[in-house]
Amino acid sequence: MHNMTDDLAFSAARVPIAAAIAAAKLTGRGDEKAADQAAVDAMRNMLNQMPMKGRIVIGEGERDEAPMLYIGEEVGTGQGVELDIALDPLEGTTLTAKAMANALAVIAFAPRGGLLHAPDTYMDKLAVGPGFEDGIVDLDKPADENAKALAKAKGVKIEDIGVCVLDRPRHADIITALRKAGCRVHLITDGDVAGVINCTKPETGIDMYVGQGGAPEGVLAAAALKCVGGQFQGRLVFRNDDEKQRAERTGVTDFKRRYTLTELVSDDALFLATGVTQGSLLDGVRVVNGVAHTHTLVLNSYTRTVSELRVRQPV
């Protein structure tokens, strides 16, 4: 029997829901570390209640940097399926601290060995949603050329193509080129997992994600795209020798390698995200009369199901 059942998926949904509720209690307080710690503690507690032999392959950092949910940590009851786990208990710590949109609690599961052990470095990323031929976009081509290729494939004008980009000085040239080509550029301040996932939902108006962000978040986003048939390409970016040594410890030897989605996520995967603050993808946590209302996206590549859960529970 395959590990990635819908029963497991719905059981696992309790994990990001708990993290989201815990973080949401600190929305707008201006304390990023406290919000992140609350999410970490809640997520870890729920993971340890799951009947599995879980191993964190993408977490809060290496053991000496993160006392909770560090890379290599074993979680679960120690009985049941063997799973590798990638997680970000609070994607958007700044968003939460400032009560801004699109903060998420995010986690992905795959059979042991199914997720790339991405080092905590940067990654150049390019993603598109489902419905396109393989190779429609190319990480080594300029962003505006990829946008034009998407427009041609969709049979629309370039003005109808939406591209999501993280608003950083390093992306100034990409943003300029896309706007010059006529694209609609959607800038986000934080949360590039959410930015990539937006490609999977036509109602967001986003067709492509491009730019440089965290490599661990790249694997999480690839897990989501794996479930809906999207495409993802990434290449690790190293700023110094220390980052290269960190990558070598995770087994990376080719520093210039371009990773495809199936190399980042080589087996079936579950992807789950719960909204912390209100967003374009998911509603945020609302507490009414002591009851928390949550909104969770559940993607399963094995059963090819896309589900949205709305859960009410006392807090």
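**Figure 1. Asp36 in the predicted model.** At 18% relative accessibility, Asp36 counts as buried, because the cut-off for buried is under 20%. The structure shown is a predicted model. Asp36 is part of helix 3, which runs over residues 32-47. Leaving out residues up to four places away in sequence, Asp36 touches Glu60, Leu90 and Thr93.

Figure 2. Glu60 sits in the loop that joins strand 1 (52-58) to strand 2 (74-75). With 25% relative accessibility, Glu60 counts as partly exposed, because this class lies between the 20% and 50% limits. An unreviewed UniProt entry carries the annotation "binding site", which covers Asp36 and Glu60. The two annotated residues span 25 residues in sequence, but no two of their C-alpha atoms are more than 9.8 Å apart, so they gather at one spot. Both Asp36 and Glu60 are included in the lining of the largest pocket. Glu60 is also one of the residues that Asp36 touches.

**Figure 3. The largest nonpolar core.** This core has 47 residues. Tyr209, Phe232, Leu264 and Phe271 are the residues with the most contacts inside it. Helix 8 (residues 215-228) gives the most to this core, contributing nine residues. At least three residues of the core come from domain 1 (6-114 + 268-314), and at least three come from domain 2 (122-264). Apart from this core lies another one, of 42 residues, including Val40, Ile85, Ala103 and Val276.

**Figure 4. Surroundings of Tyr209.** Tyr209 is among the residues with the most contacts inside the largest nonpolar core. Residues up to four places away in sequence are not counted in this view. On that basis, Tyr209 touches Lys125, Leu126, Ala127, Cys164, Leu166, Ile188, Asp192, Gly195, Val196 and Cys199.

**Figure 5. Asn198 in its loop.** Asn198 is placed in the loop between helix 7 (192-197) and strand 8 (208-214). Its relative accessibility is 6%, so Asn198 counts as buried. When neighbours within four places in sequence are left aside, Asn198 is in contact with Thr204, Ile206, Ser280 and Leu281.

Note on methods
Residues numbered from 1 in each chain as written. Predicted model: local features only at pLDDT ≥ 70, side-chain atom pairs only at ≥ 80, totals over all residues. Heavy atoms only, no water. Core = buried A, V, L, I, M, F, W, Y, C linked by side-chain atoms within 4.5 Å. Buried < 20%, exposed > 50% of the residue type's maximum accessible area, 1.4 Å probe, protein only. Helix = DSSP H or I, 4+ residues; strand = E, 2+ residues; numbered from the N terminus. Domains from an automatic or database assignment. Contact = heavy atoms within 4.5 Å. UniProt positions renumbered as here; feature names shortened; annotations may be inferred. 1 Å grid on protein atoms, 1.4 Å probe; cavity = no way out; pocket = protein on both sides within 12 Å on 5 of 7 lines; lining within 4 Å.
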